[in-house]
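I opened my notebook for a slow walk through this protein. Here is what I looked up, in the order I looked.

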Amino acid sequence: MSEETPKGNDQQKPRRKYYPRNRYYKKKSGNREQQNTHQNKINFSFKKISVVIPLFNEEESLNPLYIEIKKSLNLINCDYEILFIDDGSTDNSLKTIKGIQQNDNRVHFISFKKNYGKSAALQLGFKTAKGDAIITMDSDLQDDPAEIPNLLKKLDDGFDLVSGWKKQRHDPFIKKHTSKLFNYFTRLFSGIKIHDFNCGLKAYRAEAVKNINVYGELHRYVPVLANWEGFSVTEIPVKHHARRYGKTKFGISRFFKGFVDLITVVFTTRYIKRPMHLFGFLGALSFMFGVIVNVYLTYEWFRGIPLKDRPILLLGILLIIVGVQFFAVGLLGELIAHNFQNDNEYNVKEKR
Ligand SMILES: Nc1nc2c(ncn2[C@@H]2O[C@H](COP(=O)(O)OP(=O)(O)O)[C@@H](O)[C@H]2O)c(=O)[nH]1
Ligand SMILES: [Mg+2]
């Protein structure tokens, strides 16, 4: 990718510092002419690698992306497949993918009749992928396919999910900073100590992706979903590029949706099996404050201060009612959770 070279040089300093695994390339690949001979390829313990690429109207990027991915995968001594998920694109994306697929039997594609969203595309990609290691990446050339061996190496170290960390981002100012805030809150609520939850470039073990359910717009929280199912999550810094063609598919609404989804994720991962721990706690807290306020007012009333002059009485009553309501919601939640108990949901690590 000759156009990429200047960008690559820009990042050489931090890369050398944070990418000791680059040495790994050199050790294994020997001299340049021999790079693709069998014995000089990089070995991993995986049998097959699936590269899953969700896309929506990215016609210009697809051919260069395919070439870069091939280049990267050819360095690895392993069978692979490339799976494009076209999400009802209205440009020539599907035609381009068909052109690629005709000349390469390792390329597959699924094309939706309409646009279902990135999460839906990833979910179907996860279910369809045949590899025991799965890579996801954006199709707009912002993620660098050259990072694939680095992600796989980390995965092979024993992790179940390796997330890319766009340490040096090439995105608009506003997006960079809101994303920092979003990542901060996700870290806080999920307890997972990674910097960049929503990087498109990630590597997974097949067990991890087959056990999570990515729907709505939960693709932003895949590490949280996986971690909640008991899979180990880590990250490595990856190279990031500015968008070369077209423009972003997620408008300003992403920020609102992102935060609402965070509540969904925290609730569904932490409290779905024990709703009373959340609603009961909130209800008890509210009820307790309401009672304190009203007990105090009653005491004052006995001392001769009339209640009609105490607007705080309304707050006391409100807190008690809200408290009871939270409690009732919690109990209803418990009833539902009780009826939906399912033994198949537990991920067993070993059994003899
Ligand atoms: N399947 C699918 N992919 C999408 C959709 N919207 C965006 N994408 C893909 O998700 C990736 C990231 O999207 P992009 O618009 O670049 O988001 P940004 O990089 O966060 O600004 C790209 O590969 C897009 O083609 C969608 O509705 N469905
Ligand atoms: Mg992008």
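**Entry 1: helix α5.** I am working with a predicted model. I began with the buried residues of α5, and I found them packing against β1, α4 (59-73), β2 and β3. Which residues of α5 (residues 93-102) are the buried ones? I noted S93, T96 and I97. They sit on the same side of α5, because they cover an arc of only 100° around the axis.

**Entry 2: the whole protein.** I listed 13 helices and seven strands as the secondary structure of the protein. The protein has 352 residues, and 34% of them count as buried. I also looked at contacts between residues at least 6 apart in sequence: 83% of these join residues at least 24 apart.

**Entry 3: the sheet.** In what order do the seven strands of the open sheet lie? I wrote down β3-β2-β1-β4-β6-β5-β7, and I marked the pairing as mixed. The edge strands are β3 (107-111) and β7, each of which pairs on one side only. On average, neighbouring strands of this sheet are turned by 20° against each other, direction ignored. I also followed α6, which lies across β1, β2 (79-86), β3 and β4 (133-136). Its direction is at about 160° to β1.

**Entry 4: strand β5.** I zoomed in on β5 (residues 161-166) and asked how many of its six residues are buried. The count came to six of six, so I call this strand mostly covered, with 20 or more other C-beta atoms within 10 Å as the mark of a buried residue. Then I checked which way the residues point. L161, S163 and W165 point one way from β5, while V162, G164 and K166 point the other way. A handy rule to remember is that side chains in a regular strand alternate between the two faces of the sheet.

With β6 (residues 202-205), β5 pairs in the antiparallel sense over three bridges. With β7 (residues 233-238), β5 pairs in the parallel sense over six bridges.

**Entry 5: P223.** From S163 I moved to one of its contacts, P223, which lies in helix α10 (residues 222-228). Why does P223 count as buried? I counted its C-beta neighbours inside 10 Å and got 27, and P223 is buried because 20 or more are enough. Leaving aside neighbours within four places in sequence, I found P223 in contact with L161, S163, I192, I194, F197 and V233. L161 and S163 are among the residues of β5 that point one way. I also checked P223 against A208, 15 residues away along the chain, and their C-alpha atoms are separated by 9.9 Å.

**Entry 6: ligand 1.** My last stop was ligand 1. Which of the 18 residues around ligand 1 come nearest? I noted F56, D87, A121, T248 and K249. The shell divides into six nonpolar, six polar and six charged residues. I also saw that β1 (48-55) and α6 (118-128) each supply at least two residues of this shell.

Note on methods: Residues are numbered from 1 along each chain as its sequence is written. Chains are lettered from A and ligands numbered from 1 in the order in which they are written. This is a predicted model: local features need pLDDT of at least 70, side-chain atom pairs count only at pLDDT 80 or more; totals for chains, interfaces and linings use all residues. A residue is near a molecule or strand if its C-beta atom, placed from the backbone, lies within 6 Å of it. Helices (H or I, at least four residues) and strands (E, at least two) are DSSP runs, numbered from the N terminus. Ala, Val, Leu, Ile, Met, Phe, Trp, Tyr, Cys and Pro count as nonpolar, Asp, Glu, Lys and Arg as charged, and the others, Gly among them, as polar. A residue is buried if 20 or more other C-beta atoms lie within 10 Å of its own, exposed if 12 or fewer, and partly exposed in between; C-beta atoms are placed from the backbone. Two residues are in contact if their C-beta atoms, placed from the backbone, lie within 7 Å. Two strands pair if DSSP finds at least two bridges between them. Axes are lines fitted to C-alpha atoms, for helices over the stretch in contact, and angles run from 0 to 180 degrees between N-to-C directions. The arc is that of the directions from the helix axis to the C-beta atoms.
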